[in-house]
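Visitor: I am new to this structure and would like to learn how to read it. Could you take me through some of its features?

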Amino acid sequence: TEGIRAVLDFAFGPAQLHRIQAAIMPRNVRSLRVIEKLGFRREGYAERYLQIAGKWEDHILFARTREEHPMSEHVRHEDALA
């Protein structure tokens with residue numbers, strides 16, 4: 001969770017990205033918990049989204065935009081300098 005939070009701070013801070021997406025297989029309960037804990041919004045369900053090891057796997061789609069991400073004071077300061 002902390003690692004992904006750091007990636008989000010970088011993505012929405014110095015990298016100035018607007019949107020981050022995640023696609024997670026429904027049976028990957030741990031990843032689903034992490035992404036939901038970080039405030040990602042569920043956007044949909046993609047049937048047969050990716051072929052993994054010869055099998056088409058469904059995925060739940062999540063997203064978060066810059067406006068939804070609470071920036072730390074350090075990241076806001078870096079944005080102001082850019």
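Guide: Gladly. Let us begin with salt bridges: a salt bridge is a side-chain nitrogen of Lys or Arg within 4 Å of a carboxyl oxygen of Asp or Glu. Arg-41 makes one with Glu-43, and their closest N and O atoms are 2.4 Å apart. This is a predicted model, where local features need pLDDT of at least 70, side-chain atom pairs count only at pLDDT 80 or more, and totals for chains, interfaces and linings use all residues. Residues are numbered from 1 along each chain as its sequence is written, and side-chain values use heavy atoms, with hydrogens and water left out.

Visitor: How many salt bridges does the structure hold?

Guide: There are 6. Another one pairs Glu-47 with Arg-48, with the closest N and O atoms 3.3 Å apart. Through shared partners, salt bridges also join Arg-19, Arg-41, Glu-43 and Glu-68 into one network.

Visitor: Where do Arg-5 and Glu-2 lie?

Guide: Helices (H or I, at least four residues) and strands (E, at least two) are DSSP runs, numbered from the N terminus. Arg-5 and Glu-2 are both in helix α1, 3 residues apart, about one turn of the helix. They form a salt bridge too, the closest N and O atoms being 2.5 Å apart.

Visitor: Which residues of helix α1 are buried?

Guide: Buried means under 20% relative accessible area, exposed over 50%, and partly exposed in between (1.4 Å probe, protein chains only). In α1, which spans residues 2-12, the buried ones are Leu-8, Asp-9, Ala-11 and Phe-12. Seen down the axis, these buried residues fall within an arc of 165° (taken from the directions from the helix axis to the C-beta atoms), so they line one face of α1. Glu-2, Val-7 and Phe-10 are exposed on the other side.

Visitor: What makes up the largest nonpolar core?

Guide: A nonpolar core is a set of buried Ala, Val, Leu, Ile, Met, Phe, Trp, Tyr and Cys residues joined through side-chain atoms within 4.5 Å. The largest has 13 residues, and Leu-8, Ile-20, Ile-35, Phe-40 and Phe-62 have the most contacts inside it. At least two core residues come from each of α1, β1 (19-24), α2 (29-37) and β3 (55-65).

Visitor: What does Phe-40 touch?

Guide: Contact means heavy atoms within 4.5 Å. Setting aside residues up to four places away in sequence, Phe-40 touches Leu-8, Ile-20, Ile-35, Phe-62, Ala-63 and Arg-64.
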